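Please read it alongside the sequence and coordinates.

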Amino acid sequence: MFGKKIELMCEIASNHQGCLHRLMVLTDYAANAGFADFLKVQIWSAKNLYVEDSDKLSVFERLELSDEAWHQYLDCFPYDRLRLVIEPFDTRFIDFASPRHEIEICKIPPSRILDRRFLETLADCSFISTFFLGVSGAYIGEIERALDILGDRCKKMIYGYQNFPSKVDLVNFGKIRALKERFNLDIGYADHSETTDSRNFSAVVAALANGASLIEKHICLSHCANEVDHVSALTPDEFKRFSKQIEVFNKHGRYENCLDLTDEEMNYRSQMFCFPRSSEKVSETKVRAVEGTSFFRDGCNASLRCDEFV
């Protein structure tokens, strides 16, 4: 029997390029990409992210969607297969989301974990059902304070550097296990490794080996330079292949009872194990070898447990 499913979060981020139609196209791709469980979008106001003389202000103003565009998107969202995650970088979305929209999941970006007023404002929103907390770059005390504010509605923490791209050999994957043990919460890993890096999937394997139960990965329409996050994102075809790799872990990597024999192990046992040619029955499932008997490869006893040998 399989254990907890590894979940996959598809992150659109800024790859809609400020265009509602493009956002819908990416969402359709994510919904049909194979095995994605969540779709994450980011909402912000550029003027609340950067000071007026910042060279990035005009870039993010171009990428910003209007309130009406977000209304249209949220009105027509639900996809049966995908759960929507909203990642707000300011409280702007509260004004247009409530009371018109119920937000099932809100992810707190790690860059806002120091802003107590921001956290308290979101925690006071009754229309938000669940929180995911981004913790990359945060000290333990800062995480503890955020969890105290968000309360029991915080169900997961997401770890993973927000650099584009992240260098695989510089990620502290052991922190995933440490966070899980300390806070007793499910931990996700936000993978921002470079798409062309041959070690790309190694980061995912390392995260899963350390206890991550969710993988977040960006999606883009193409790898052209004007797509802000394309360096660490996957095109729809790449994302579909990526999701199939994740599905391998769900099919073969997680058993509730890890000591059980798989079908493949039983096949190996029947072909390769040496069983006693002469034995006596102990029970319906166990046999005892007769003293002095010889052992041969004989698959007829493969389903029996021979832990009563003398």
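In this predicted model, Arg116, Leu119, Glu120 and Ala123 of helix α6 meet Arg145, Ala146, Ile149 and Leu150 of helix α7. The two helices span residues 116-123 and 140-150 respectively.

**Packing of α6 and α7**
- The axes of α6 and α7 are 9 Å apart, and the helices pack at an angle of about 30°.
- Because angles under 35 degrees count as roughly parallel, α6 is roughly parallel to α7.
- The crossing of α6 and α7 has a right-handed sense.

**Packing of α1 and α4**
- Helix α1 covers residues 20-31 and helix α4 covers residues 67-75; their axes cross at roughly 25° and come within 10 Å.
- This pair, α1 and α4, is therefore also described as roughly parallel.
- Where α1 passes α4, the crossing is right-handed.
- On the α1 side the residues are Leu20, Leu23, Met24 and Thr27, which meet Ala69, Trp70, Gln72 and Tyr73 of α4.

**Nonpolar cores**
- In soluble globular proteins, nonpolar side chains tend to be buried together.
- The largest nonpolar core here holds 70 residues.
- Within this core, the residues touching the most other members are Leu39, Tyr73, Phe93, Leu133, Ile143, Met157 and Tyr189.
- Leaving aside residues up to four places away in sequence, Leu39 touches Cys10, Ile12, Thr27, Ala30, Tyr73, Phe77, Leu82, Arg83, Leu84 and Val85.
- Another core, of 8 residues, lies apart from the largest one; its members include Val85, Ile105, Ile158 and Ala190.

**Cysteines**
- The count of disulfides is 0.
- For Cys10, the closest cysteine sulfur is that of Cys220, at 10.0 Å, which is too far for a bond because a disulfide needs sulfur atoms within 2.5 Å.
- Cys10 is buried, with 0% relative accessibility.
- Cys76 is partly exposed, at a relative accessible area of 41%.

**Overall content**
- The protein has 11 helices and 13 strands.
- Of its 310 residues, 48% are buried.
- Taking contacts between residues at least 6 apart in sequence, 67% join residues at least 24 apart.

Technical notes
Residues are numbered from 1 along each chain as its sequence is written. This is a predicted model: local features need pLDDT of at least 70, side-chain atom pairs count only at pLDDT 80 or more; totals for chains, interfaces and linings use all residues. Side-chain values use heavy atoms; hydrogens and water are left out. A nonpolar core is a set of buried Ala, Val, Leu, Ile, Met, Phe, Trp, Tyr and Cys residues joined through side-chain atoms within 4.5 Å. Buried means under 20% relative accessible area, exposed over 50%, partly exposed in between (1.4 Å probe, protein chains only). Contact means heavy atoms within 4.5 Å. Axes are lines fitted to C-alpha atoms, for helices over the stretch in contact, and angles run from 0 to 180 degrees between N-to-C directions. Helices (H or I, at least four residues) and strands (E, at least two) are DSSP runs, numbered from the N terminus. Angles under 35 degrees count as roughly parallel, over 145 as roughly antiparallel, 65 to 115 as roughly perpendicular and the rest as oblique. A crossing is left-handed if the near helix is turned anticlockwise from the far one by less than a right angle, and right-handed if clockwise.
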